[in-house]
Amino acid sequence: MASLTTVPHSACYLSKTQLSESRPARVSFRPRPGTGFLQRGSFRAARGIRNMPRKAAVVAATTAEKPKKRYPGEAKGFVEEMRFVAMKLHTRDQAKEGEKEVKGPEERAVTKWEPSVDGYLRFLVDSKLVYDTLERIVEDSAFPFYAEFRNTGLERSEKLAKDLEWFKEQGYNIPEPSSPGVTYAHHLKEFSETDPPAFICHFYNVYFAHSAGGRMIGKKVAEKLLDNKELEFYKWDGELPQLLQNVRDKLNKVAENWTREEKDHCLEETEKSFKYSGDILRLILS
């Protein structure tokens with residue numbers, strides 16, 4: 001809504017009767033011949049303002065001149081908007097831009113964690129179910145643009161299958177997926193069919209979070225539980241920065257066709273994405 005503070009102070013002393021009886025201001029738009037300053041649309045706008053009551057004309061002019069709202073990160077593309085929102089939902093222990101207070105044990109610094117092998121296995125199994133679901137969704141492509149995210153090099157399902165097979169060879173029993181993973185997989189499938197902007201939010205946060213904080217978690221857990229063994233889950237075929245940039249470009253391209261409302265809806269889904277991922281991450285400490 002345009003602010004009425006732009007109305008001259010002298011207008012504030014006029015009564016309603018005086019305002020209603022005031023003659024509309026006559027606005028004349030006569031460009032000098034050959035200047036080409038005003039286009040046909042400008043003349044239509046001028047006639048519209050000229051026919052308005054004085055007060056409405058001032059408000060309309062103010063609204064037209066109001067600069068477009070800029071969203072944090074918008075100038076760099078929509079992925080930067082998503083990154084900005086996601087970083088705010090970290091704690092200060094997790095990221096320097098974080099603003100969230102530490103509540104759950106998984107939100108503390110990784111160096112303070114006390115993981116267990118059984119809990120880590122549950123985490124890997126539930127993570128595999130989530131990645132299986134994401135990769136099946138883009139393969140089936142309920143919406144055509146999902147196909148853009150096939151074979152990006154970020155896929156994790158096959159890598160996790162190799163890791164779980166390694167644990168099995170070491171004599172560990174591989175558990176069935178638990179409630180956090182099953183619940184998230186169900187919601188991902190639902191989002192993908194009915195709410196593409198929400199699905200893209202989850203897609204971005206799952207893959208990009210694993211490539212950053214996820215790698216640090218894997219390194220610290222390996223130090224404490226696996227004699228520093230690096231799992232396949234934390235390895236990529238190709239240069240990870242380039243793989244991530246390729247996906248950023250695809251995400252930005254998709255979002256170019258969205259309305260501001262669709263973009264905002266996608267950003268609002270970030271908190272839900274963090275909750276589902278946090279529930280799975282907490283399994284490491286169980």
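Two residues are said here to be in contact when they have heavy atoms within 4.5 Å. The structure is a predicted model, in which local features need pLDDT of at least 70 and side-chain atom pairs count only at pLDDT 80 or more, while totals for chains, interfaces and linings use all residues. Residues are numbered from 1 along each chain as its sequence is written, and side-chain values use heavy atoms, with hydrogens and water left out.

T270 is buried, at 1% relative accessibility, where buried means under 20% relative accessible area, exposed over 50%, and partly exposed in between, with a 1.4 Å probe and protein chains only. When its neighbours within four places in sequence are set aside, T270 is in contact with V85, A86, L89, C201 and N205.

After α8 comes D227, with a positive phi near 55°. N228, in the loop between α8 and α9 (240–255), also has a positive phi, near 70°, although it is a residue other than glycine, and N228 is exposed at 52% relative accessibility. A further positive phi, near 50°, is found at N151, again a residue other than glycine. N151 sits in the loop between α5 and α6 (157–169) and is exposed, with a relative accessible area of 72%.

Rolling a probe the size of a water molecule over the atoms shows where empty space is left. A cavity is a set of points, on a 1 Å grid over the protein atoms alone, where a 1.4 Å probe fits but cannot get out, and its lining residues have an atom within 4 Å of a point. Grid points are joined across faces, edges and corners, and a volume is the space filled by probe spheres set on the points. The count comes to one cavity of 30 Å³ or more, and the largest cavity holds about 40 Å³ of space. By class, the lining of the largest cavity has five nonpolar, one polar and two charged residues, where Ala, Val, Leu, Ile, Met, Phe, Trp, Tyr, Cys and Pro count as nonpolar, Asp, Glu, Lys and Arg as charged, and the others, Gly among them, as polar.

Methods. 1 Å grid on protein atoms, 1.4 Å probe; cavity = no way out; pocket = protein on both sides within 12 Å on 5 of 7 lines; lining within 4 Å. Helix = DSSP H or I, 4+ residues; strand = E, 2+ residues; numbered from the N terminus.
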